[in-house]
Each structure stands twice: as C-alpha cells, then as structure tokens.
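Hi,

Here is the structure I said I would pass on.

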Amino acid sequence: MDWDTEVLPEQHGRTLVVTGATAGIGYFAAERLAAAGAHVVLAGRSPERLRTAEAAIREQAPDANLSSLLLDLAAPASTAAVVSRLAEYERLDGLLLNGGSMALRAADRTADGLSTLLATHVRANVGLVAGTLPHLERTARRHGGTARIVHTSTSFVDLLRAGVRDVRARSRVGVRAYTRSKAVTEMFAYELDRRLRASSAPVASLVSRPGVGVDARTPRRPGIRDETVPFQRNPYTLWAQGKDAAAWSALRALTDPRAQGGDLYSPSGGVKGPPVRLTPNPLTQSPPPDTMESVWRQLEELAGVRLPTAVPAPA
C-alpha cells in the first residue's frame with residue numbers, strides 16, 4: 001500500500017460534492033479536498049452548521065474554494081432541489097455520499113412514513129445519483145478522466161448471514177436496520193458500476209468503509225470538534241481513530257488515480273489504519289441476478305427515478 005494519507009493528489013479544477021459535510025467524517029473529507037485545491041460543495045441541512053464548516057475549513061485552508069447547498073436527506077423535495085442547483089455548476093467531477101441519519105429507533109420515520117435510515121442512507125442517494133449522473137458524464141467527457149461516485153458503507157455488512165431481497169423490510173433492532181441499509185447501499189454501488197461499464201459511461205462507482213472514528217481522537221476544529229459540541233463517548237476509543245483518519249478510505253476512493261469502479265476501500269486494520277483495497281462481500285457485490293434486478297427496481301420505485309444506465313450482458 002503506497003497511498004500517502006497526508007498528501008492528496010492535486011485536485012485543482014475539480015468540483016466535488018460532499019454530503020453530511022458539517023461534521024465528522026464528511027467535514028474532514030471536505031477539508032482535505034479543499035486543501036488539495038478542489039472546489040468543494042458542502043451539502044448539509046443546517047445553514048448555521050454549513051457556515052461553521054466553511055469557516056473552519058478556511059481556517060485550515062485560507063484559499064479554499066467552497067460553496068454550500070442545503071440538503072435534507074430525509075426530504076425528496078430537498079434532494080430534487082439540490083440536483084437542480086448542481087445542474088447550474090459548470091462541472092461536476094464527483095460525489096461523496098457520506099451523509100445519513102443515525103436514528104436507530106424503529107419509530108424514527110420521515111414525514112412520508114419511510115424509515116429514516118432507509119430514507120437518508122438509500123433513497124436520497126439513489127435520487128442524487130439519478131439526477132446528477134448526466135452532469136457527471138458530461139464533465140468527464142468534456143474534461144477527460146472519469147467522474148466518481150463514492151458510497152459510504154460499514155464493515156458491519158460483513159456480519160450479515162444473508163443478502164437483502166426486500167429493500168423496505170423492517171427490523172426492530174436499530175443496528176441491524178442500519179446494517180441492512182448499508183448492505184443495500186453496497187448492492188446499489190456495485191450494480192451501478194456494472195451498468196455504467198456496460199454503457200461505456202466515464203463514471204465510476206466505488207465503496208468506502210470508514211472503520212471506527214471517535215470524538216476523543218479527532219483534532220479540534222472550531223464549532224466542529226470543540227467545547228461547544230457535545231462529546232460522544234465510544235467504547236472503542238482505545239482501539240479507534242479520529243474522524244479525520246476515518247475519512248481516508250473515502251478520500252482514496254475519490255482521488256486515487258489508480259482506483260477503479262467497483263473497488264472497496266477500508267482501513268487496513270478494519271477499525272483503523274491507512275486505506276487499502278479489499279475484496280467486496282459476495283452478498284452485496286454478486287447477489288443472484290434476479291435478486292439484484294428486483295432490488296434495482298425497488299430502488300427506482302423508492303426514489304421515484306429511472307437510472308439511465310445499460311443492463312450488463314449475462315456472464
């Protein structure tokens with residue numbers, strides 16, 4: 001592994017969107033991308049927190065090229081509005097789909113009755129991908145290279161004993177519901193990449209797993225990680241990393257010139273460590289074709305979109 005966690009490849013000229021950019025992993029990913037020269041679009045649901053994140057990034061990278069978009073991942077109308085705003089940008093080189101609620105109670109529902117976990121980790125991202133894919137393709141064809149979509153998952157997926165067939169299936173156990181939503185995230189990511197390849201689109205879909213990032217090991221940033229922000233205790237603190245390091249896997253997937261569509265990046269030690277490429281879980285990377293086709297149709301129905309990608313030919 002020769003990836004340098006301290007120095008990102010040059011990003012000047014690229015426009016990259018980071019969801020959930022006002023805290024934790026999303027914030028530190030945005031900070032690093034801005035320091036490397038990218039135009040970073042911070043997406044979050046709080047205007048005040050977006051302003052705080054911008055100020056914190058500029059303190060670390062005074063020449064940062066930033067813009068912000070209000071995005072409530074639980075509200076389809078908000079997702080659609082962000083897609084419309086992004087269409088106005090001159091170019092769009094990549095999406096880091098990092099945001100998502102950690103509301104683990106079964107009773108946590110959106111205004112339209114959907115599980116908050118499923119709405120924010122799956123439905124919103126399918127909508128964002130469907131809406132921005134044409135712009136990503138145009139950017140890549142016009143400027144060369146390959147646009148990237150990075151989907152954030154979790155190593156908890158490897159604990160599942162069976163794959164997902166029913167996207168809307170409920171679970172009374174919050175962690176299991178979260179894990180299922182991330183399993184669906186991975187299924188979507190890998191199938192999306194297969195379809196993009198089949199259509200010869202210059203866009204790659206990759207997966208990142210952050211490991212465990214804890215507040216106690218996260219560097220101070222005003223309004224992001226300081227005395228004004230509630231401290232979240234974590235039993236894994238002794239073995240974990242800061243949220244700045246937890247962003248490494250996503251950053252590698254988004255910026256490493258050698259990364260390929262369908263790749264999975266995760267900390268070398270599982271919980272922490274420099275990002276390495278792992279072999280994807282067969283449950284999410286290669287489910288039975290009829291299962292994947294069913295899940296794909298469910299995702300389009302869930303998000304109310306059509307994903308304009310070709311179906312890969314049978315092996």
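Predicted model: local features only at pLDDT ≥ 70, side-chain atom pairs only at ≥ 80, totals over all residues.

Residues are numbered from 1 along each chain as its sequence is written, and side-chain values use heavy atoms, with hydrogens and water left out.

The sheet: helices (H or I, at least four residues) and strands (E, at least two) are DSSP runs, numbered from the N terminus. There is an open sheet of 8 strands with mixed pairing, in the order 3-2-1-4-5-6-7-8; two strands pair if DSSP finds at least two bridges between them. Strand 3 (65-70) and strand 8 (275-278) are at the edges with a single partner strand each, so one side of each has no neighbour in the sheet. From one strand to the next, the twist averages 25°. Strand 2 and strand 3 run parallel and are joined by 6 bridges, and H39 sits opposite N65 in strand 3.

Two helices to look at against the sheet: helix 2 (residues 47-60) lies across strand 2 and strand 3, at about 170° to strand 3. Helix 4 packs on the sheet too, touching strand 1 (15-19), strand 4, strand 5 and strand 6 (203-208), and its direction makes about 160° with that of strand 4. For these angles, axes are lines fitted to C-alpha atoms (for helices, over the stretch in contact), and angles run from 0 to 180 degrees between N-to-C directions. Contact means heavy atoms within 4.5 Å.

Now helix on helix. The axes of helix 5 (residues 174-198) and helix 9 (residues 289-303) come within 11 Å and cross at roughly 100°, so the two are roughly perpendicular (65 to 115 degrees counts as that; under 35 is roughly parallel, over 145 roughly antiparallel and the rest oblique). Helix 5 brings V184, M187, F188, E191, L192, R194 and R195 to the contact, and helix 9 brings T291, M292, E293, V295, W296 and L299. By class that is 8 nonpolar, 1 polar and 4 charged residues (Ala, Val, Leu, Ile, Met, Phe, Trp, Tyr, Cys and Pro count as nonpolar, Asp, Glu, Lys and Arg as charged, and the others, Gly among them, as polar).

Helix 4 packs on helix 9 at about 90°, with the axes 9 Å apart. Here L118, V122, R123, V126 and G127 of helix 4 meet L299, L302 and A303 of helix 9.

What about the cores? A nonpolar core is a set of buried Ala, Val, Leu, Ile, Met, Phe, Trp, Tyr and Cys residues joined through side-chain atoms within 4.5 Å. Buried means under 20% relative accessible area, exposed over 50%, and partly exposed in between (1.4 Å probe, protein chains only). The largest core has 46 residues, and L136, I149, F188 and L299 have the most contacts inside it. Helix 4 gives the most to this core, with 11 residues. Leaving out residues up to four places away in sequence, F188 touches N125, V126, V129, H151, W296, L299 and L307.

S200 is in the loop between helix 5 and strand 6 and is exposed, at 57% relative accessible area.

Cheers
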